[in-house]
Amino acid sequence: QVQLAESGGGLVQAGGSLRLSCEASRRTSIQYGIGWFRQAPGKEREFVAAISGSGGEKFYTDSVKGRFTISRDNAKNTVYLQMNSLKPEDTAVYYCAGSSSGSTYIYSPGNRPTEYDYWGQGTQVTVSS
């Protein structure tokens with residue numbers, strides 16, 4: 001079974017930066033599409049960004065465009081989420097999720113949680129004002 005492990009969360013002041021990592025337990029799994037979601041207390045899980053297995057296609061929700069960058073290093077079985085210009089409203093638990101669909105090597109998975117087959121445990125990001 002594929003396992004994903006997030007790291008890199010923490011407490012940062014508004015305007016600061018963090019880089020989240022999502023490491024997969026199996027090399028083949030990281031070659032498929034990976035997405036990042038977040039969930040704030042009392043709110044539904046929200047899509048943040050996704051990347052195809054090849055890294056050639058990326059997809060962001062509007063609220064993070066220009067501030068967040070998703071990337072991957074398949075040699076390290078790892079996907080990253082670089083978060084700059086953080087805002088208090090970015091505070092949430094951040095999850096990475098993987099798709100087992102072969103098409104996601106070329107095409108980024110989308111923004112629906114049902115498109116993803118396995119999930120990490122999450123990492124807390126807190127942005128203070």
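Asp-73 counts as partly exposed because its relative accessibility is 24%, where buried means under 20% relative accessible area, exposed over 50% and partly exposed in between, found with a 1.4 Å probe and protein chains only. The model is a predicted one, in which local features need pLDDT of at least 70 and side-chain atom pairs count only at pLDDT 80 or more, while totals for chains, interfaces and linings use all residues. Residues are numbered from 1 along each chain as its sequence is written, and side-chain values use heavy atoms, with hydrogens and water left out.

Asp-73 is found in strand E7; strands (E, at least two residues) and helices (H or I, at least four) are DSSP runs, numbered from the N terminus. Leaving aside its neighbours within four places in sequence, Asp-73 is in contact with Thr-78 and Tyr-80, contact meaning heavy atoms within 4.5 Å. The C-alpha atoms of Asp-73 and Ser-54 are separated by 9.6 Å, and these two residues are 19 residues apart along the chain.

Strand E7 has two faces, of which the covered one holds Phe-68, Ile-70 and Arg-72, whereas Thr-69, Ser-71 and Asp-73 belong to the uncovered one. E7 and E8 run antiparallel and are joined by six bridges, and two strands are said to pair if DSSP finds at least two bridges between them.

What do the nonpolar side chains do? In soluble globular proteins, nonpolar side chains tend to be buried together. A nonpolar core is a set of buried Ala, Val, Leu, Ile, Met, Phe, Trp, Tyr and Cys residues joined through side-chain atoms within 4.5 Å. The largest such core here has 27 residues, and those touching the most other members are Trp-36, Val-48, Phe-68, Ile-70, Leu-81, Met-83 and Tyr-94. Two or more residues are given to this core by each of strand E3 (18-24), E4, E5, strand E7 (68-73), strand E8 (78-83), strand E9 (92-98) and strand E11 (123-128), and E3 gives the most, with four residues. Met-83, not counting residues up to four places away in sequence, touches Gly-16, Ser-17, Leu-18, Leu-20, Arg-67, Phe-68, Tyr-94 and Val-125. A second, separate core has five residues, including Phe-47, Ala-50, Ala-97 and Tyr-116.

Polar residues can be followed in the loops. Asp-90 lies in the loop between E8 and E9 and is buried, because its relative accessible area is 1%. The side chains of Asp-90 and Arg-67 are joined by a polar contact of 2.8 Å, a term for a pair of N or O atoms within 3.5 Å; within protein, one atom must be able to donate a hydrogen and the other to accept it, and residues adjacent in sequence count only if both atoms are side-chain atoms. Beyond its neighbours within four places in sequence, Asp-90 is in contact with Arg-38, Arg-67, Phe-68, Ser-85, Val-125 and Val-127. Ser-99 has its place in the loop between E9 and E10, and Ser-99 counts as buried because its relative accessibility is 2%. A polar atom of the side chain of Ser-99 lies 3.1 Å from the backbone nitrogen of Ser-101.

The aromatic rings complete the tour. Rings of Phe, Tyr and Trp (its six-membered ring) pair if their centres lie within 6.5 Å, and planes under 30 degrees apart count as stacked, over 60 as edge-to-face and the rest as tilted. By this rule the count comes to five aromatic pairs. In one of them, Phe-37 and Trp-119 are tilted, at 5.0 Å centre to centre with 55 degrees between the planes. This pair links distant parts of the chain, since Phe-37 is in strand E4 (residues 34-39) and Trp-119 in strand E10 (residues 118-119), 82 residues apart. Phe-37 counts as buried because its relative accessibility is 0%, whereas Trp-119, at 27%, counts as partly exposed. Ring pairs link Phe-37, Phe-47, Phe-59, Tyr-116 and Trp-119 into a cluster.
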